[in-house]
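Please have the sequence and the model open while reading.

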Amino acid sequence: MKHLRRPVRRGWLVAHVAVSVSWLGLTIGLLALGITACTTDSAAMTEAAYRAMKVFGDWLVVPIALVTLGTGVVLSLGTRWGLARHRWVWIKFWLTLITLCLSAFLLRPEINSALAAGVPDTSLVAAPVVSSSAYFFMTAISVLKPWGLTKRGRKYRAESRKVVDAAPVRQTT
């Protein structure tokens, strides 16, 4: 893929950061609701918390996760970072994909089960803790960019250097 021009890249970057922060915020909201459901003495409050979690899970978490994944892939393919050239990008991609699948296929059904049962479910506290930790970790590696190149990235860099070294040198007179 051709590199994105600066204004386009910045637009995609703003979109990616905005939806990523939204995903983190939704997860923190789910954590607050899960803690509320588990610590209250009121069955009505537990039910209300799980109903709110259901709205988040059914209408917000998965679409925002998909947009986060999509904008991240566009940015990685449209910039010098590449999708599989740097370890931090590759790890972010896989963590995003894993947390998206866990949200869609485990979290949502668990919320539905807890709502149907009407009793506190500690797994609905644990899940947002784990996913929030993953999102904070992905944020940290986005800022710090640790670990260097992947094997594919080293190969790409070596090939790029060969092309530059093989280019004819222009002489000006």
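Helix α1 (residues 6-39) and helix α3 (residues 87-117) have axes that come within 14 Å and cross at roughly 40 degrees. The model is a predicted one, in which local features need pLDDT of at least 70 and side-chain atom pairs count only at pLDDT 80 or more, while totals for chains, interfaces and linings use all residues. Residues are numbered from 1 along each chain as its sequence is written, and side-chain values use heavy atoms, with hydrogens and water left out.

**Terms for the helices**

- Helices are DSSP runs of H or I with at least four residues, numbered from the N terminus.
- Axes are lines fitted to C-alpha atoms, for helices over the stretch in contact, and the angles run from 0 to 180 degrees between N-to-C directions.
- Angles under 35 degrees count as roughly parallel, over 145 as roughly antiparallel, 65 to 115 as roughly perpendicular, and the rest as oblique.
- A crossing is left-handed if the near helix is turned anticlockwise from the far one by less than a right angle, and right-handed if clockwise.

**α1 with α3**

- α1 and α3 are therefore oblique to each other.
- The crossing of these two helices, α1 and α3, is left-handed.
- On the α1 side, H16, W23 and L30 make the contact (heavy atoms within 4.5 Å), and they meet K92, T96, T99, L100, S103 and L107 of α3.
- The residues of this α1 and α3 contact divide into four nonpolar, four polar and one charged. Here Ala, Val, Leu, Ile, Met, Phe, Trp, Tyr, Cys and Pro count as nonpolar, Asp, Glu, Lys and Arg as charged, and the others, Gly among them, as polar.

**α3 with α4**

- The axes of α3 and α4 cross at roughly 165 degrees and come within 10 Å.
- That angle makes α3 roughly antiparallel to α4.
- The crossing of α3 and α4 is left-handed.
- From α3 the contact residues include W88, I91, L95, E110 and A114, and from α4 they include S123, L124, Y135, F137 and S142.
- In the contact of α3 with α4 there are 13 nonpolar, five polar and two charged residues.

**α2 with α3**

- The axes of α2 and α3 come within 9 Å, and they cross at roughly 160 degrees.
- That makes α2 roughly antiparallel to α3.
- α2 passes α3 in a left-handed crossing.
- The contact of α2 with α3 divides into 16 nonpolar, five polar and five charged residues.

**Nonpolar core**

- A nonpolar core is a set of buried Ala, Val, Leu, Ile, Met, Phe, Trp, Tyr and Cys residues joined through side-chain atoms within 4.5 Å. Buried means under 20% relative accessible area, exposed over 50% and partly exposed in between, with a 1.4 Å probe and protein chains only.
- The largest nonpolar core has 27 residues, of which W23, Y50, M53, L100, L124 and Y135 touch the most other members.
- The elements giving two or more residues to this core are α1, α2 (43-77), α3 and α4 (123-144).
- α2 gives the most to this core, with eight residues.
- With neighbours within four places in sequence left aside, L100 is in contact with W23, V62, A65, L66 and L69.
- In soluble globular proteins, nonpolar side chains tend to be buried together.

- S76 has its place in helix α2, and S76 counts as buried at 6% relative accessibility.
- Apart from neighbours within four places in sequence, S76 is in contact with W81, G82, L83 and V89.
- S76 and S42 are 34 residues apart along the chain, and their C-alpha atoms are separated by 47 Å.
- E159 lies in helix α5 (residues 151-166) and is partly exposed, with a relative accessible area of 39%.
- R51 is in helix α2 and is partly exposed, with a relative accessible area of 47%.
- From R51 to A18 the C-alpha to C-alpha distance is 26 Å, and the two are 33 residues apart in sequence.

- K145 is in the loop between α4 and α5. Phi of K145 is near 50 degrees, a positive value in a residue other than glycine.
- At 35% relative accessibility, K145 counts as partly exposed.
- W147 lies in the loop between α4 and α5. W147 is not a glycine, yet its phi is positive, at about 80 degrees.
- W147 is partly exposed, with a relative accessible area of 42%.
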